[in-house]
Amino acid sequence: MRLPTLLVLSSGLLAGIANAQEAQPLRLRLNADIRSLDPGVNRDANTDAVQNHLFEGLVAFREDASVGPLLAKSISVSEDGRTYTFVLRDDLHFSNGEPVGSDDVLFAWKRYTDPATGWRCLSEVDGRGAVKVTDVVAKDARTVTFTLAKPSALFLGTLARPDCGGTGIYHRSSLGPDGKWLAPVTTAPFKLGEWRRGQFIDLVRNDRYSALPGARDGLTGNKSTTLQKLRFAIIPDESTAKAALLAGNIDVNFDVQNADLAEYKANKDVTLDSASVMNVNDILIQTKDPLLSDVRIRRALQLALDLPVLVDQVSEGTAKPNNSPIPPASAYHRKLQAQPIARDLATARKLLAEAGYKGQPIRMITNRRYQSMFDQAVIAQAMAREAGITIDLDVLEWGAQQDRYLAGSYQLMSHGFSARLDPSLSFEMFTGSKAEQPRKAWDNPEAQKLLAQSMEVADPAQRQAIIDGLEVMFREDVPMIVLYSEVRTSAARSYVSGYRSWAMGQPRAWGVSIAR
């Protein structure tokens, strides 16, 4: 009668094996070390990616780039649109066990808005940008109100921005007695283990983490994890990273090169996952140029491009065309934004003839640092030639191209904008007075007025109508040609479950498990 005992031992052994598997770290590759663990201070994209696992703010971006509650249980806005009231969730604790209260929100906000901190988003909330916060008050132990100088549709999005550190709330012990940053003590699903500079950043599970109900949703939602440890392994060279993944020395490479996709697909031990991100690849047009100031020539150039073919070749079949500054992953990308502009060589030639264009060379700046920018320039050059447009390419170093962009010193430029998660910012990145900001491509006073309205109106339906109005004006003026938004593909070992790419293009380790 020893069988029951053996069964108990077997069950215990199996449980032990399962626990051992979960105790193994998830090893996720970064192409460079992070800069800091102080949220929104001395940061870059990799820094943001790690800090997303360590910090939580009142709100965060959802999967579709809309903003939802995170530490806040509820958010209410006054009728005049100037006062935001946040009620904290009841079950929140920092990783050191201390409860989270409204005084912690005020403590973090005071430090963020102290110029000595160097928070990169101070100018976004002190009136120099679209938002001016005039007062922050703790109404009770769990309620905080923010008062603005005027209504702003950008306020919540600014609080949520990863480059602002998500305006994460942290415990006072994150700072030393001298007020200098020590290490994060926060509410997130992970806490800091060890940062060995140039080698790895180890995070460990925060057992005091309190999850939202439901599913994972961007940087909010349920961020529960069964992982005991997460290692961000720093591997700068892409070929080295690929070899490490194929050999099983890392578990996830979250942004692989398109040129390597075939090799990854051929490996049965690797799974791929792709998502359209919210950057924009484009061709900028200098509308003050004597030749290109004629909108007929700008429209002819756009009609000369066979966008499905161009995008398929540049992205190696991973992306789809998009003519709108609003990327497809945005909640504001609707029927109007999805409407394609088809190639029409006959109409292009007619517009060129009406404009009196006689084949004068137009110079397009590009670079070889970003292969997609070079490739789209070469293909656009060939397609434009079929309509009778002569384009000569100037291949510059990336730094020189940036200087020319900032100065507005170009006719055409093969270009790209990084992700903007708010629809107003998708237009703001290229809209404005050239006299004040030479880098701006679209200098249309009526568009600038409409853009300002879009930054004040928070109601989604009203805001969509304003964004649609901007879209119509943009397509009429053609100050730049939007080509597509990139698709980012992650590669993971087949024993990794639950890893998903998403529109922000940054890794998320919560909801992921390993069984190697």
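At what angle do α9 and α12 pack, and how far apart are their axes? The angle is about 150 degrees, and the axes are 9 Å apart. Keep in mind during the tour that this is a predicted model.

**Stop 1: α9 and α12**

Select residues 307-314, which form helix α9, and then residues 371-386, which form α12. The crossing of α9 past α12 is right-handed. To see the contact, show the side chains of Val 309, Leu 310, Gln 313 and Val 314 on α9. On α12, the partners to show are Ser 372, Asp 375, Gln 376, Ile 379, Ala 380 and Met 383. Sorted by class, this contact has 6 nonpolar, 3 polar and 1 charged residues.

**Stop 2: the buried side of α9**

Stay on α9 and colour Leu 307, Leu 310, Val 311 and Val 314, which are buried. These residues lie on the same side of α9, because they cover an arc of only 90 degrees around the axis.

Next, step just past the end of α9 to Glu 316, where phi is positive, at about 55 degrees.

**Stop 3**

Select Val 478, in the loop between α16 (460-477) and β19. Is Val 478 buried or exposed? Val 478 counts as buried, because its relative accessibility is 1% and the cut-off for buried is under 20%. Its phi is positive as well, near 50 degrees. Most residues other than glycine have a negative phi.

**Stop 4**

Move to Asn 42, in the loop between β1 (26-30) and α2 (45-51). Asn 42 is not a glycine, yet it has a positive phi of about 50 degrees. Asn 42 has a relative accessible area of 41% and is partly exposed.

**Stop 5: α8 and α11**

Finally, select residues 295-304 for helix α8 and residues 345-355 for helix α11. Their axes come within 8 Å and cross at roughly 160 degrees, which means that α8 is roughly antiparallel to α11. The crossing of this pair is left-handed.

Show the side of α8 that takes part in the contact: Arg 296, Ile 297, Arg 299, Ala 300, Leu 303 and Ala 304. Then show Leu 345, Thr 347, Ala 348, Leu 351, Leu 352, Glu 354 and Ala 355 of α11. How many nonpolar, polar and charged residues does the contact of α8 with α11 have? The counts are 9 nonpolar, 1 polar and 3 charged.

How values were computed:
Residues numbered from 1 in each chain as written. Predicted model: local features only at pLDDT ≥ 70, side-chain atom pairs only at ≥ 80, totals over all residues. Heavy atoms only, no water. Buried < 20%, exposed > 50% of the residue type's maximum accessible area, 1.4 Å probe, protein only. Helix = DSSP H or I, 4+ residues; strand = E, 2+ residues; numbered from the N terminus. Arc of directions from axis to C-beta. Contact = heavy atoms within 4.5 Å. Axes fitted to C-alpha atoms, helices over the stretch in contact; angles between N-to-C directions. Parallel < 35°, antiparallel > 145°, perpendicular 65-115°, else oblique. Left-handed = near helix turned anticlockwise from the far one by under 90°. Nonpolar A, V, L, I, M, F, W, Y, C, P; charged D, E, K, R; others polar.
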